[in-house]
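Look over the sequence and the fold before reading on.

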Amino acid sequence: MLSRPERTPPGHVLPVFPWDTLTETRARACAHPDGLVDLTVGTPVDPVAPVIREALAADSAQPGYPATAGTPPLRRAIVDALARRYGVTGLTPDAVLPAIGTKELIAGLPAQLGLGPGHTVVVPEVAYPTYEVGALLAGCTVIRADSLMQLGPSSPTLLYLNSPSNPTGKILGTPHLRKVVGWARERGVIVAADECYLGLAWEGEAPSILDPRVSEGDHTGLLALHSLSKTSNLASYRAGFVAGDPALVAELLEVRKHSGLMMPLPVQSAMTAALTDDAHEVEQRERYRVRREQLRPAVAAAGFRIDNSEAGLYLWATRGEPCRDTAEWFAERGVLVAPGEFYGPAGARHVRIALTASDATIEEAVRRLS
């Protein structure tokens, strides 16, 4: 009988799925006499704009396989939207690629770029968990660092940036991004910038890694990751994309063609409509602005310090105690928030409070905190 090595299920190398650890806290919040106010996961609750739904329906009868690279109108819409909304210039349609949700893209990015054992991936100290998960699934080593000095003599292959940040809402300014890009180019490091919240800056400007003030018009080694879940409410559509270095995008396309990672054609059409129409995005941004202006002072008045939170869909709050204790304090009031340790050890004394709830739910949260 042939011998073979023991199989190691992928889940064995991964951290515990954080939301699974909130069961008891959720139950306590649900037991509140007035019910649960859930301010944990940043999932949209507002309607999808008619122009997007109509585009989805218009191509719903197409029976053939869609193109992994995306339709020409979609690729052009991505290029034009990045230029119009964020000042990104120098992109061509062959330097963009749709993804079946940005989380899928991030989870597979290290492996799809050819990384594996012996490669190092740098993630922010407080970070969206999927950066680490994707690196671990590929067999990479993970380093948490917010400054280049922390990296010392290490030679990473891939470095993640997230600005505006999830969960902290911190914006990395142009000088910071320029410094990272220069450092990475000297060492041949790929920079992947998660820019899912780029359109939701409340205080100051949030530049893209592809902004000519940052990249000097050269996108070599740079990838910008975008999502339509936030300002277009398309979380259920799984609509995201990557843009940047044409050579890296071509590598991703080749792998994704072989893997069958094709965005459904009706969703590609919906994305095209969403990226072409700015009115619905402005309207949704205004909804979040109003909710933020209601919730932020209520959290502060309840005795919390709000750190960063200049952008994005969350408040990053603390009162100097372990985050699980803070989460329990909220749960006693029927409000569920995300413990900051979900995003790394450096978040252990903060909680993340989402603005992605209906107007009525935000008003109820304010009432309970008062």
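Predicted model: local features only at pLDDT ≥ 70, side-chain atom pairs only at ≥ 80, totals over all residues.

Residues are numbered from 1 along each chain as its sequence is written, and side-chain values use heavy atoms, with hydrogens and water left out.

Some naming comes first. Helices (H or I, at least four residues) and strands (E, at least two) are DSSP runs, numbered from the N terminus. Two strands pair if DSSP finds at least two bridges between them. Strands of a sheet pair through backbone hydrogen bonds, either parallel or antiparallel.

Begin with an open sheet of 4 strands, in the order E9-E10-E13-E12, whose pairing is antiparallel. Strand E9 (305–307) and strand E12 (338–339) are the edge strands, each pairing on one side only. E12 is joined to strand E13 (residues 351–354) by 2 antiparallel bridges. In this pair, Ala338 stands opposite Arg352 of E13, and Pro339 has Val351 of E13 as its bridge partner. E13 also pairs with E10, in the antiparallel sense, over 4 bridges. Here Ala317 has Val351 in E13 as its bridge partner.

Which residues of E13 are buried on its two faces? Val351 and Ile353 are buried on one side, and Arg352 and Ala354 are buried on the other, which leaves both faces covered. Buried means under 20% relative accessible area, exposed means over 50%, and partly exposed is in between (1.4 Å probe, protein chains only).

Touching here is contact, which means heavy atoms within 4.5 Å.

The buried residues of H12 are Cys323, Thr326, Ala327, Trp329, Phe330 and Ala331. An α-helix has 3.6 residues a turn, so residues three or four places apart point the same way. The cover over the buried residues of H12 includes helix H1 (23–30), strand E11 (335–336), E12, E13 and helix H13 (359–369). Just after H12 comes Gly334, with a positive phi of about 80°.

The backbone has further points to look at. Most residues other than glycine have a negative phi, and most peptide bonds are trans. Arg238 is a residue other than glycine with a positive phi, near 55°. Its place is the loop between strand E7 (222–227) and strand E8 (240–244). Is Arg238 buried, partly exposed or exposed? Arg238 is partly exposed, with a relative accessible area of 32%. Asn308 also has a positive phi, near 50°, and is found in the loop between E9 and E10. The relative accessible area of Asn308 is 31%, so Asn308 is partly exposed.

Cis peptide bonds come next. One joins Ser163 and Pro164, with omega about -10°. Another runs from Asn166 to Pro167, with omega near 25°. Pro164 is in the loop between E5 and H7, and Pro167 lies in the loop between E5 and H7 as well.

Last come the pockets. On a 1 Å grid over the protein atoms alone, a cavity is a set of points where a 1.4 Å probe fits but cannot get out, and a pocket is an open set with protein on both sides within 12 Å along at least five of seven lines; lining residues have an atom within 4 Å of a point. Grid points are joined across faces, edges and corners, and a volume is the space filled by probe spheres set on the points.

The largest pocket holds about 880 Å³ of space. Its lining has 37 residues, and those nearest its centre are Trp19, Lys103, Tyr128, Pro129 and Thr130. Helix H4 (102–112) and helix H5 (130–137) each give at least two residues to this lining.

The second largest pocket has a volume of about 500 Å³. Of its 25 lining residues, Pro124, Ala145, Asp146, Lys170 and Leu172 lie nearest its centre. The largest share of this lining, 4 residues, comes from E5.
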